[in-house]
Amino acid sequence: MADVFTVLAQDHREVQAMLAELEKGPTGATGASADQLALRKKMAETLIIEESKHEALEEMYFWPAVREHHPAGDTLADEATAQEQEAKHVLADLDKLDASESRFEELLGTFTAAAREHIAFEETRVWPGLRSALPAQVADELGTKIADGKKTAPTRPHPHTPAAPSVLKTAGPAVAAADKARDAATGRGTD
Ligand SMILES: [Fe+2]
Ligand SMILES: [Fe+2]
């Protein structure tokens with residue numbers, strides 16, 4: 001079974017690949033056709049869905065472990081969850097826009113820069129200390145919880161829900177079910 005670092009690293013590589021793909025364009029400003037803009041919107045939806053699940057699961061399982069095991073856990077977790085909350089506001093706005101709107105590219109650009117910094121923060125500032133402090137069995141258990149949690153995690157950013165693990169674990173399943181119902185009704189995230 002993959003440990004927590006392997007599971008999170010796989011998500012990070014997927015997000016980075018999606019960002020690189022979106023960066024290639026074409027965009028509304030660089031002559032994208034209607035079909036290309038529709039595809040761009042779908043790609044952004046997939047990015048928002050994957051990112052929402054990833055951050056919600058980190059908030060439920062990863063940051064509590066950082067706080068418990070990392071010597072500087074509280075400071076690091078506070079900083080990282082603040083970054084995550086900020087990104088959710090950007091993604092919630094982005095989710096409402098069509099790819100033909102210039103604000104769409106503006107927000108996507110903001111998110112791209114912030115997400116790259118956030119991933120680097122987690123992997124270079126948080127992971128090394130946690131790797132040496134976290135017992136292997138706990139790292140495995142966390143990996144399993146996060147991998148399994150993908151099925152029931154929220155698919156929308158929810159910037160107004162506090163990033164507290166207790167709130168997410170209590171409200172999370174209902175929020176995720178509502179997200180999925182809305183996704184199904186609107187065709188969001190499907191090809
Ligand atoms: Fe994160
Ligand atoms: Fe992450």
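This is a predicted model: local features need pLDDT of at least 70, side-chain atom pairs count only at pLDDT 80 or more; totals for chains, interfaces and linings use all residues.
Visitor: By class, how does the lining of the largest pocket divide?

Guide: Residues are numbered from 1 along each chain as its sequence is written, and chains are lettered from A and ligands numbered from 1 in the order in which they are written. Ala, Val, Leu, Ile, Met, Phe, Trp, Tyr, Cys and Pro count as nonpolar, Asp, Glu, Lys and Arg as charged, and the others, Gly among them, as polar. By these classes, the lining of the largest pocket has six nonpolar, three polar and five charged residues.

Visitor: What volume does the largest pocket have?

Guide: On a 1 Å grid over the protein atoms alone, a pocket is an open set of points with protein on both sides within 12 Å along at least five of seven lines, a cavity is a set where a 1.4 Å probe fits but cannot get out, and lining residues have an atom within 4 Å of a point. Grid points are joined across faces, edges and corners, and a volume is the space filled by probe spheres set on the points. For the largest pocket, the volume is about 220 Å³.

Visitor: Which element supplies the largest share of the lining of the largest pocket?

Guide: Of the 14 lining residues, the closest to the centre of the pocket are Q83, E86, A114, A115 and H118. Helices (H or I, at least four residues) and strands (E, at least two) are DSSP runs, numbered from the N terminus. At least two lining residues each come from α2, α3 and α4. The largest share, seven residues, comes from α4.

Visitor: Which element gives the most to the lining of the largest cavity?

Guide: The structure holds three cavities of 30 Å³ or more, and about 160 Å³ of space lies in the largest cavity. Of its 19 lining residues, S52, A56, K88, R156 and P157 are the closest to its centre. Two or more lining residues come from each of α2 (34–69), α3 (73–95) and α6 (165–186). With five residues, the element that gives the most is α2.

Visitor: Which residue bridges the iron ion (ligand 1) and the iron ion (ligand 2)?

Guide: Donors are N, O and S atoms within 2.8 Å of the metal (3.2 Å for Na, K and Ca), and water is not among the atoms, so sites may look incomplete. H12 (NE2), H54 (NE2), E58 (OE) and E122 (OE) coordinate the iron ion (ligand 2) at 2.0 to 2.1 Å. The two ions lie 3.3 Å apart, and the residue that bridges them is E58.

Visitor: How many residues apart in sequence are the parts that E58 and E122 tie together?

Guide: E58 and E122 are both buried (buried means under 20% relative accessible area, exposed over 50% and partly exposed in between, with a 1.4 Å probe and protein chains only). E58 lies in helix α2 and E122 in helix α4 (residues 102–133), so the parts that the pair ties together are apart by 64 residues.

Visitor: What is the site of the iron ion (ligand 2) with its four donor atoms?

Guide: Four donors count as tetrahedral if all angles lie between 85 and 135 degrees; four count as square planar and six as octahedral if opposite donors are over 155 degrees apart and all others between 65 and 115; anything else is irregular. The angles among the four donor atoms are 82 to 179°. The site is therefore classed, by these cut-offs, as irregular.

Visitor: Which residue forms a salt bridge with E123?

Guide: A salt bridge is a side-chain nitrogen of Lys or Arg within 4 Å of a carboxyl oxygen of Asp or Glu, and the structure holds 15 of them. In the bridge of E123, the closest N and O atoms are 2.9 Å apart. It links distant parts of the chain, with E123 in helix α4 and its partner in helix α1 (residues 4–24), 110 residues apart. The partner is R13.

Visitor: Which residues are linked with D183 and R188 in a network of salt bridges?

Guide: D183 and R188 form a salt bridge, with the closest N and O atoms 2.9 Å apart. Both of these residues are buried. The network links D183 and R188 with D95 and R156.

Conventions
Side-chain values use heavy atoms; hydrogens and water are left out.
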